[in-house]
Amino acid sequence: METRKVGIIGAGHVGSHVAYALMALGIADEVYLADIDKEKGIAQAMDLNDAVTYLPNNPEACFCRVEDMGQCDAVVFCAGPLPEPGETRLEGLPRTIEVCKDVIPRLKKSGFKGFIVSISNPCDIVAHYLQIKLDWPAHMIVGTSTGLDSSRLLRCLYEKYHVNRRSIEAFGIGEHGGSAVVPLSCASIYGKPLRDLWEEQPDRFPKIERAAYEEAMKQGGWIVFSGKHSTEFGIGTTAAEIVRAYFRNLHKVMPCSVLVNGQYGEKDVFTSVPAILGAHGVEGILEYPLEEGEEKDFHASNDLMREYLKQALDM
């Protein structure tokens, strides 16, 4: 029987919760944690193993070096500093790139050849930077990006309409950050376009404004961060679901950051779009028709990320 192994680079708030989600949901059999703070990494692995007694499966966690991750099937990159007070994700780029410069040669040395999920912020730019510097096949690396934002958006829509969020299709595109876009023109409830419901059942499904729900989606993470100085559970399950799609060959559509090559009129940028994920990594991208304002804002978001990628490559 195949043993599924996942390496996690960075064992802090995010990395430890990714590890727990992978273990609790039965996605990974073995989880390898690497962290600059060896004592913390060992403690996280021990704490995770203490939870196994009451889990329905029998996974195992251990501390390791990045150089020892060659046997892993997937690696989740979540190393890097937390944002300073008032700092945007983009403003933290120089400090995250310094971490990347330390990790990249060590991951290369490990001989790792599998699937990479990048979380560290600014997510889309870091995923692209890793893909370039590792010379990685583009279909084998994704950023969590608006996968998490979309979960926050679905929570907001659930609270508005009181329809199970698994029956709602809505997502964010573009940057995991201030320029993210919510294409409400693509939103639906069990296949019924949301805009049709506004007209047909205005009392049950009152109209909402795109700008308000973009703001709610973007601010969700900052509300969590300001209250507890970290985000953990949402990003943990987001990353775990991406790994699950890869391990189980689900051909699952998820919004995540991938390298586009002509889709939506964009190329040479990692940006969040609905992507099909399976055993071969990114198997395709779904293109939705965007309204003029949505399309304009999406292109502006990608232009911004290209600018920051150029800065990152010059650092």
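How are helices α5 and α7 oriented to each other, oblique or roughly parallel? The structure is a predicted model, in which local features require pLDDT of at least 70 and side-chain atom pairs count only at pLDDT 80 or more, whereas totals for chains, interfaces and linings use all residues. Residues are numbered from 1 along each chain as its sequence is written, and side-chain values rest on heavy atoms, with hydrogens and water left out.

The axes of α5 (residues 146–161) and α7 (residues 210–228) come within 9 Å and cross at roughly 120°. Helices here are DSSP runs of H or I of at least four residues, strands are runs of E of at least two, and both are numbered from the N terminus. Axes are lines fitted to C-alpha atoms, for helices over the stretch in contact, with angles running from 0 to 180 degrees between N-to-C directions. The two helices α5 and α7 are therefore oblique to each other; angles under 35 degrees count as roughly parallel, over 145 as roughly antiparallel, 65 to 115 as roughly perpendicular and the rest as oblique. The crossing of α5 and α7 is right-handed, that is, the near helix is turned clockwise from the far one by less than a right angle. On the α5 side, the contact (heavy atoms within 4.5 Å) is made by D149, S150, R152, L153, R155, C156, L157 and K160, and on the α7 side by Y213, A216, M217, G220 and G221. This contact comprises 6 nonpolar, 3 polar and 4 charged residues, where Ala, Val, Leu, Ile, Met, Phe, Trp, Tyr, Cys and Pro count as nonpolar, Asp, Glu, Lys and Arg as charged, and the others, Gly among them, as polar.

Helix α5 also contributes to the linings of two pockets. A pocket is an open set of points on a 1 Å grid over the protein atoms alone, with protein on both sides within 12 Å along at least five of seven lines; a cavity is a set where a 1.4 Å probe fits but cannot get out, and lining residues have an atom within 4 Å of a point. Grid points are joined across faces, edges and corners, and a volume is the space filled by probe spheres set on the points.

The largest pocket has a volume of about 1000 Å³. Its lining consists of 45 residues, with C78, A79, G80, P81 and L82 nearest the centre. Two or more lining residues come from each of α1 (13–24), α3, α5 and α7, and α3 gives the most, with 6 residues. By class, this lining has 20 nonpolar, 15 polar and 10 charged residues.

The second largest pocket holds about 810 Å³ and is lined by 23 residues, of which S151, L154, E241, K252 and M254 lie nearest its centre. Elements giving two or more residues to this lining are α5, β7 (168–169), α8 (233–247) and β10 (252–261). The largest share, 5 residues, comes from α8.

Strand β4 (74–77) and helices α3 (93–110) and α4 (123–134) each supply at least two lining residues, with α3 giving the most, 3 residues.

Two backbone features occur in loops. A cis peptide bond joins N121 and P122, with omega about -5°; P122 lies in the loop between β5 (115–118) and α4. Y190, a residue other than glycine, has a positive phi near 50° and is placed in the loop between β8 (188–189) and β9 (192–193).
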